[in-house]
Amino acid sequence: MAHSDGRIFWRNERWYEYTGTKPEQMEGTGSWSVHDAKMLPLVLERWKASVEGGTAFEMEFPLRGADGVYRWF
């Protein structure tokens with residue numbers, strides 16, 4: 001969940017289980033670390049457009065699991 005300015009303030013427990021991360025690692029831009037670096041610029045572009053336009057963000061992109069494998073969500 002995110003504030004209207006785009007700052008993410010909550011992730012569910014499944015996020016942490018899947019990524020193998022802890023809440024303090026995900027603060028600020030920490031969640032970028034589990035995104036596929038090739039897709040991250042497009043994700044950020046669309047996220048920014050969503051925040052600026054006040055629209056819901058919907059997009060599929062790969063995230064790295066705790067096992068190091070990227071899967072699409």
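The largest pocket of this predicted model has a volume of about 630 Å³, where a pocket is an open set of points on a 1 Å grid over the protein atoms alone at which a 1.4 Å probe fits, with protein on both sides within 12 Å along at least five of seven lines. Of the 22 residues that line this pocket, the closest to its centre are Ile8, Arg11, Trp15, His35 and Phe61, lining residues being those with an atom within 4 Å of a point. Local features need pLDDT of at least 70 and side-chain atom pairs count only at pLDDT 80 or more, whereas totals for chains, interfaces and linings use all residues. Residues are numbered from 1 along each chain as its sequence is written, and side-chain values use heavy atoms, with hydrogens and water left out.

**Pocket lining**
- The lining of the largest pocket divides into 13 nonpolar, 6 polar and 3 charged residues, with Asp, Glu, Lys and Arg counted as charged, Ala, Val, Leu, Ile, Met, Phe, Trp, Tyr, Cys and Pro as nonpolar, and the others, Gly among them, as polar.

**Thr19**
- Thr19, at 7% relative accessibility, counts as buried, a term that means under 20% relative accessible area with a 1.4 Å probe and protein chains only.
- A polar atom of the Thr19 side chain lies 2.8 Å from the backbone oxygen of Trp15.
- Apart from neighbours within four places in sequence, Thr19 is in contact (heavy atoms within 4.5 Å) with Val34, Arg64, Gly65 and Ala66.

**Met39**
- Met39, again leaving aside neighbours within four places in sequence, is in contact with Met59, Glu60, Phe61, Pro62 and Trp72.

Definitions and conventions
Buried means under 20% relative accessible area, exposed over 50%, partly exposed in between (1.4 Å probe, protein chains only). A polar contact is a pair of N or O atoms within 3.5 Å; within protein, one must be able to donate a hydrogen and the other to accept it, and residues adjacent in sequence count only if both atoms are side-chain atoms. Grid points are joined across faces, edges and corners, and a volume is the space filled by probe spheres set on the points.
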